[in-house]
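Below are a few notes for a colleague opening this structure for the first time. Please read them with the model on screen.

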Amino acid sequence: MIGRRLPFSIAVALVMTASVLLVAGQASSGAPPASSASAAPPPREGGCPMFPANNAMNKDISHAAVDPRSATYIASIGLGGFLRPDFSTSTKFGTPYVVVGPSQPKVPIVFTEYGSESEPGPYPIPLDTPVEGAGAAGDRHVLVLQRGSCKLYELFAAARRGGGWAAGSGAVFNLRSNALRHEGWTSADAAGLPMLPLLARYPEVHAGRIDHALRMTVSRTQRGFIHPANHFASESSDPSLPPMGLRLRLKAGFSLTGFHGQTLVVLRALKRYGAIVADNGPSWHISGAPDPRWSNEDLEQIKRVPGSAFEVVQSGPIRHTR
């Protein structure tokens with residue numbers, strides 16, 4: 001298989017050390033240990049850590065070395081482009097998620113495309129769980145975090161089917177583990193990464209601080225990935241294109257003077273933790289969860305940040321495993 005989804009022009013669209021991510025009970029053998037550097041407490045959601053504090057996605061990269069190919073990658077993504085918030089007050093924009101209790105009943109999951117790279121069901125996903133895009137055409141992600149077990153269940157191309165769900169692919173993540181997902185496996189996201197821990201979420205922005213990297217889409221990627229990503233979604237061998245899992249950072253010299261409110265919190269996070277290329281889609285789009293408490297007017301400020309304000313940091317070798 002060459003990739004779960006092809007670039008945005010073909011498919012509908014709706015990252016750094018190898019010390020991350022994992023499928024519950026499906027740890028990859030030979031995965032390097034997580035960084036032993038001291039770290040602040042990890043982000044939390046639903047009483048669960050969003051992976052351990054020393055997970056790569058929670059790592060401060062503000063002083064990481066710039067990748068030698070940074071300028072090439074940024075040019076291919078689009079120097080003239082601008083950042084976009086792919087989330088708002090409307091459920092039509094952004095990736096929703098729900099938190100369920102330990103006793104949430106599990107329902108059957110039928111995989112329609114990538115079952116061989118998906119953890120088999122059943123999953124504890126309520127039948128009324130919101131679908132990304134309010135169910136319209138698109139990636140139709142479904143995200144469910146279970147308290148107690150601290151497992152994250154995510155689906156791609158999800159739709160209700162009888163007393164359960166049908167989905168193109170699915171993934172189960174143990175949020176207390178740094179083990180890597182199986183090499184070459186997709187997830188609900190093209191890069192094989194989890195989605196929820198990389199979303200901009202209103203509660204943390206309201207608290208004034210995002211302590212993790214953010215999910216980003218770009219229009220074209222190459223046939224490769226950088227851990228903790230585990231999967232590519234491209235047929236191109238063009239080395240100028242970004243691989244899945246590429247880590248970008250808002251330059252330290254980019255002035256935040258004039259920015260305020262919710263946008264300022266997001267931009268500070270992009271300077272400290274950066275963004276990870278996780279899927280093919282519109283370039284420079286930052287993913288978040290919809291919430292009626294967002295200020296759409298405030299978030300408009302994000303659109304003033306140009307692609308030229310970013311740089312790529314070194315985060316590991318590019319891998320090409322199918």
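1. A disulfide is here a pair of cysteine sulfur atoms within 2.5 Å. By that rule, a search of the whole structure turns up one disulfide. Cysteine 48 and cysteine 150 form the pair, with sulfur atoms 2.2 Å apart. The two cysteines are 102 residues apart and link distant parts of the chain: cysteine 48 is in strand β2 (residues 48-49), cysteine 150 in the loop between β6 (142-146) and β7 (151-156). The angle about the S-S bond is -90°, and the link of cysteine 48 and cysteine 150 is left-handed.

2. The basis of these notes is as follows. This is a predicted model, in which local features need pLDDT of at least 70 and side-chain atom pairs count only at pLDDT 80 or more, while totals for chains, interfaces and linings use all residues. Residues are numbered from 1 along each chain as its sequence is written, and side-chain values use heavy atoms, with hydrogens and water left out.

3. Cysteine 48 has a relative accessibility of 0%, so it counts as buried. Cysteine 150 is buried as well, at 1%.

4. On the overall make-up, the protein has four helices and 15 strands. Helices (H or I, at least four residues) and strands (E, at least two) are DSSP runs, numbered from the N terminus. Of its 322 residues, 58% count as buried. The accessible surface comes to about 12100 Å², and 54% of this belongs to carbon and sulfur atoms; the areas come from the Shrake-Rupley method with a 1.4 Å probe.

5. Helix α1 covers residues 70-77, and its buried residues are Ser70, Tyr73, Ile74 and Ile77. Seen down the axis of α1, these buried residues fall within an arc of 95°, so they line one face of the helix. The arc is taken from the directions from the helix axis to the C-beta atoms. What covers the buried residues of α1 includes β11 (214-218), β12 (247-250) and β15 (310-312), where contact means heavy atoms within 4.5 Å. Glycine 78 follows α1 and has a positive phi, near 135°.

6. Alanine 179 is found in the loop between β10 (169-174) and α2 (202-206). Its relative accessible area is 18%, so alanine 179 is buried. Alanine 179 and asparagine 55 are 124 residues apart in sequence, and their C-alpha atoms are 9.6 Å apart in space.

How values were computed: Buried < 20%, exposed > 50% of the residue type's maximum accessible area, 1.4 Å probe, protein only.
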